[in-house]
Structure formats: C-alpha cells, structure tokens
Amino acid sequence: MKQIAIVAYQQTDSVSDAGAVNEVELIMPVLARTFKQAGLKSAQDVGFTCSGSCDYLQGAAFAFVAGVDALGAVPPIKESHVEMDAAWALYESMLKIRMGHADSALIYGFGKSSPGELPIVLSQQLDPYYLAPLWVDSISLAAMQARIMLDRGLITERDMAEVVSRSRRNAMNNPHAQLSGDISPEDVLAEETYLSPLRKADCCPVSDGASAMIIATVEQAKAWGLPYVIISGIDHCIETHNLGMRDLTDSVSTRIAANRAGMNAGKVDVAELYAPFSHQEIILTRALGLDEGTSVNPSGGVLAGNLMMASGLSRIGEVFNRIVKGEARRGIAHATSGPCLQHNLVTVLEQGENA
Amino acid sequence: MANLAAVVGIGQTKYTTKRTDVSIAGLVREAAVNALKDADLTWNDIDAVIVGKAPDMFEGVIMPEIYLTDALGCNGKPMLRVHTAGSVGGSTALVAASHVQSGTFKRVLTVSFEKQSESNAMWALSNPQPFSTHLNAGAGGYFAPIIREYMRRSKAPYNVGIKVAVKDRLHGARNPLAHLQKPDITMQEVEDSFMLWDPIRFLESCPSSDGACAMVIANEELATKAPKPPAWIRGVAMRSEPTMYAGRDEVNPQAGRDCAADVYKQAGITNPRKDLDCAEVYVPFSWYEPMWLENLGFAPKGEGWKLTMAGATSLDEGGDIPWNCSGGVLSSNPIGASGMIRFAEAARQVRGDAGAHQVEGAKLALGHAYGGGAQFFAMWVVGSQKS
C-alpha cells in the first residue's frame, strides 16, 4: 500500500467564544496558514478535500456547505464531508489516496459550540426513542462512568486531579490552549464538585475553533520538498450504543483500533488522546497499555481546549508537530466520538526521512 | 490504479409517506438485511459499514449512526458517516466503494436513509441563520428561478416538465417499491395540479418519503464468487463548487459537467447517449431531466428537452436512453437515500435484476446524484462486465 504522510498542520486558538465570526471566517485563516506551510495556494493544489463538522453545533442544516466558500473551489474540486470529527475525514482521504484517485488531500474540521449548550445539545445524539427524551447530557454520562471507576476502586479522585494538573501544566507550552496554568492536584481537589464526582476541571471546556491538515503520498511530499511524518497506520472501531452492555471502565474499541493500526510494532514516544474528561484519559492510557515511556498529551489534550469536530484531527496534528520538531520519533493519536468513548480512531505516526 | 470492486447485494425498503411501523433503526436494518439476503451473506461477512443521510435535523437526531451501530451489526467494526447534502446517497456509495477500491477492505455494507416523517424537512432547510439572509424557500423555491432561466434560454415548450412528470410516474408504476403509484397519470392531470413554485406544479415535484437503501460492495475475488451477477464499478467521481460565485452557471453547473467528464473517462465512455444503456439521474423537479440531459452530455446545449419530448428517455415509448426506469426521485424521495437509490438502481439494471422496469440487455448504466444549490455532484458508472 502507498505510504502517506502529513506535510502541514495548523489550528486556531481554542477560545470559549469566537464572537460574531461565522464558520467561513473561522476556517479561512487556518486554511491560509496551512496552505502557506505546504507552499500551496488553495484547495486547487491538492487532489481531494474532506471536512468534518456537525450541523447541530451551528443549529442549521448543511454547516459544511458554507465551508466550501473558504476553499477557492472554482473551478470545481473533488470534495466530500463527514458528519464526524475531521479525524474521520482524514481516514476517508487516506482511502482516496490509496485507491489512486488523489496524491494529496486537504482535511479540515470546525466547530462553533459557544452559541448552544453543548452538553445538552449532545444529549440528542443518543437513542432517539429511549435515551434522548431523558435529555441526559454528555457530562452526566461521563460522571456516571467516573463513578463506576471510583466505586470499583480502579481510580481515585486524586488520580483524576493529577491528570488535570498535568494537562494544565503541559498546556502552558501550548500557545493555542484555552486553559493552562501551574495548578497542582491539591488545587484541583480543593474545587467543589460540579456533577459529582466530576469537578469542572475534570471536564474539557467548551471551545470554538478549527484545524486543518494536508497529507500527501511520500513521493508527493518529497517532490514538494517538505518535512513529512508518515501515517504508518490508521484504524477505527465502534462499540454498542447501549451503555448498559459496555464495560465503561475499559475502551475495547480503542484497543482493537490500536492493534489493527499497528501501534505495538514499535516504541510509542508520544500519545495524544482525545479524552474530554480526566478519568477517560486513564481509561484510554490503560486500554492502550501505555507506560512511563510515553509522553501522554504533552499539548494539554482536550482538557486544555476542545474544538468539537476538529479535536481528533488536532490530536494527530499535535503528534505531527512533535515528530517534526524532533521531540519524538514515533507516536499515536486517538480520536473519539459518541457518549462515553463509543467510537474510537487510532493513528500511528512515524518520522519520515526529512522530518 | 484503483482495485476492482462490485455491487454484490442490493436491498431497499418500500418507499412511503410514513413508516410508522418501524423505528429509524428498524428502517435501516430492513434495507441492510435485504441487501445481505440478496448477496447471500450474513453480518459476519461485513468488514465495515458506511452510513449516509441528509441533514440530521430531518429526524432530529445528531449523528444517528452512533445509535444505529447495533441495528447495523457494527460492534467491533469501523463505521463512517457521510453527509454531502442531497448528493449524500451517491457520495456514500462512492466512499463505501473507496473502502474496497483502496484495497483496505474486502467487503463492506453501505446504507443510506431518511425517515422524513420524523420531522419536517422544509423547517430543517429553512431555519434562520444569524449571519445570512433568511430564504425560507425550501428546495422548490430555490430551484424554480433556475428552471425558469433554463426555459428562457432553451425556448423549451411549457409542457416538457409535465411530460417528465408523467414519464417517471409511469416508470414508477412498474416498480413495486416506488412511493407514488400512478399508472393512470395523464399530462392533463399534471397540468391541472396546483402551482407550488412557478413553474413547478405539485405533480412535477418529488414526494416526501420514508425509506432506506443498502448495498454490499465486494472486491474482485469475492464478487467473482458471488451467487448473483455483480455490478462492476467502472468509474467513480465527485465534484463540488460554491453555492455562489461571480459567473457561476446555475442552470448548467461546471461541477456537474466536470464530474461527468471524469466518470466517463474512467469508464471509456465517449458518447453517453450511445455508450450507456440507461441512467438513473437525480431529478427531484421535472425540469431537471432536460437540464441534466445537457449537463451530462446526452444532448447538446439547449436541446435536452427535445430528447424528453421525443420519448428518448421513456421506457414505455421504447426510447434509446431510458432515464429513471425505477420512477426516479419524482416517484420516491427519502432524501438521504435518494442518491444511493439512483446508484443501486443503475446496478440493478446491469445485473439484469430490475424486474418490470428492466432495460433489456442493459450492460452499462450511470448513477447520478446532486445536492446543495446544484453544487455537489456524485456519479458512478456500473457495468455487467469488468471492462
């Protein structure tokens, strides 16, 4: 199979309220920076474009249609869209390149969550007959998951606070972070609970923003003369929607995806995990069998800022950045979707020759 | 070079206004089970599932594929959700095909659906947005002025749309799955139906349907062993352009022309009217048949309506290039599935499995879908032979 590599990645700052900017205005600056990084002018210079977004964040059908306005799609381009995190748009783009219908692709994800009440909005993602009418919000579901872990003695509240503390401290080196600071686990534990056992700090913030990436065959990356990072594996897996039928203290689908993506074929220097709640980072770290040899969420992860529909792509971009900077040789990135980590994608990234 | 892939199973539901007897999950599962039966396969034979539907607001469920995991036998498998506006059914088929054509998977299931009765599509398409003009037009109001412009340019007689409306309903009467069953429809009846969005009359518009369509797509090795004849995928193409830009031709969009040229090139088609045996083309409002006849190169510019009026696209009149033998979108429109139904019906034709709406000896067929402001296009060409 063709080797495919990442050559460019950019994201906006993660902000709690992007104000009056519309989605096109949110996307355009980050696309401009991504094209500049790759030495390209517009979507005309890549073979395929694919985006990820969610209509319900914008509160209108066809959130992605206006996005096309940001691409310079005249003359018409080969373009598609997933109603998923843009990490899955990357997956679709990989297939397109593997089948020989493109040598390169632009992938972007965007979300403006601030106008709505995100946790409540996400309750309408649940089974429409049995669960959605209860309006169980995403934080409540995560709180139940954390409670199971605490009750079974799999974690302590201090373990969770340590995840938060490390995220905030790591995020001090991330210029795009929304939440950062020199916060100790004791500081976190001193906070009152928000939705017990979760404290506000255990939950990712609601953020507005976008991110974008350009991938290409290794031949194309070399022809462009760009440093590149090889995507040596990518796979994803979904589990039952029925929460009562899942072991919520584990993430079986993450493990399956990681195995199929070839994570264990080498040392994992860095892992960026899409864990919107502190205890979920622990679930994922354990499901993947990561140890002290792996730096987990050096960017601060999504506890430092969660760009809905782009955060999964951003995890991949963060690992790309680490490898390009020479801070790591090999890493994995994880993306998730659905309540309590229902659907998970794992990407394995490795240093290319010029990186 | 893409790996060879073929459609080895097709399943549909009966299209109707309200499927109150099934949940959304029950609806998609019915189509999926029908496709598996058609392919003589079970859930365990499927490596990945690709789901498509139009805006989530049509049912009021955010990313419904997450809840449909269990109904579609996806536990432990990859699942992808495509959304490209009205073209989504076609795009979903193409994304599903790419899972196999890339060599990544051996056999995948793809399902598209819409359960329009769960919500109100007109509302979902028209809720006001803070940063743009509120159209409150729905699809018909959007396309009516574009049709009017086609009529002005082409000097087509007023009744071309009426003829298409009759022709597709007569086709639909041959298809037991079609939503509208109007075997006795007449030109006069269509002309007398009330004007919805001038020049589009009620009977020149698609219905609002509940329904799902599914296909199993397999690689060359598995398709060769399939119990029923496979429909080989001979070309795949997608194109998008912005809703508005200076100089955009909304009547004859460049994205449609480019997409057709791309898919024809892959399939070795130089004269679509001659080389193809039939086509399933997304015609939600009658006048889009003559418009797409020109856009897709079946007729010279300004002359698409002449083919329609001469009966060239009619199965009942023995036309040389029948369009929408299944009854088309004018007979059934579960929006998110409508594109996939076009792709699946093209495949049924070349498999020789289209029942009473079969085009005799069909070997090569076009499946077409469009969406947004006629700006997103998805097409495939399927054949009874590999090349």
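Predicted model: local features only at pLDDT ≥ 70, side-chain atom pairs only at ≥ 80, totals over all residues.
1. Let's start with the contact. Chain B puts 52 residues into it, and chain A puts in 52 residues. On the side of chain B that touches chain A, the elements giving two or more residues are α2 (65–68), β3 (79–82), α3 (88–101), α4 (121–126), β8 (231–240) and α9 (254–267) of chain B. The largest share of that side, five residues, comes from α3(B).

2. Next, two cis peptide bonds. In chain A, the bond from S196(A) to P197(A) is cis, with omega near 5 degrees. You will find P197(A) in the loop between β5 (193–195) and β6 (198–199) of chain A. In chain B, the bond from D198(B) to P199(B) is cis, with omega near 15 degrees, and P199(B) sits in the loop between β5 (195–197) and β6 (200–201) of chain B.

3. N297(A) belongs to the loop between β10 (295–296) and α12 (311–324) of chain A. N297(A) counts as buried because 27 other C-beta atoms lie within 10 Å, and 20 or more are enough for that label.

4. Finally, D40(B) is a non-glycine residue with a positive phi, near 55 degrees. D40(B) is placed in the loop between α1 (24–38) and β2 (48–52) of chain B. With 13 other C-beta atoms within 10 Å, D40(B) is partly exposed.

Methods: Residues numbered from 1 in each chain as written. Chains lettered and ligands numbered in written order. Contact = placed C-beta atoms within 7 Å. Helix = DSSP H or I, 4+ residues; strand = E, 2+ residues; numbered from the N terminus. Buried ≥ 20, exposed ≤ 12 C-beta atoms within 10 Å, placed from the backbone.
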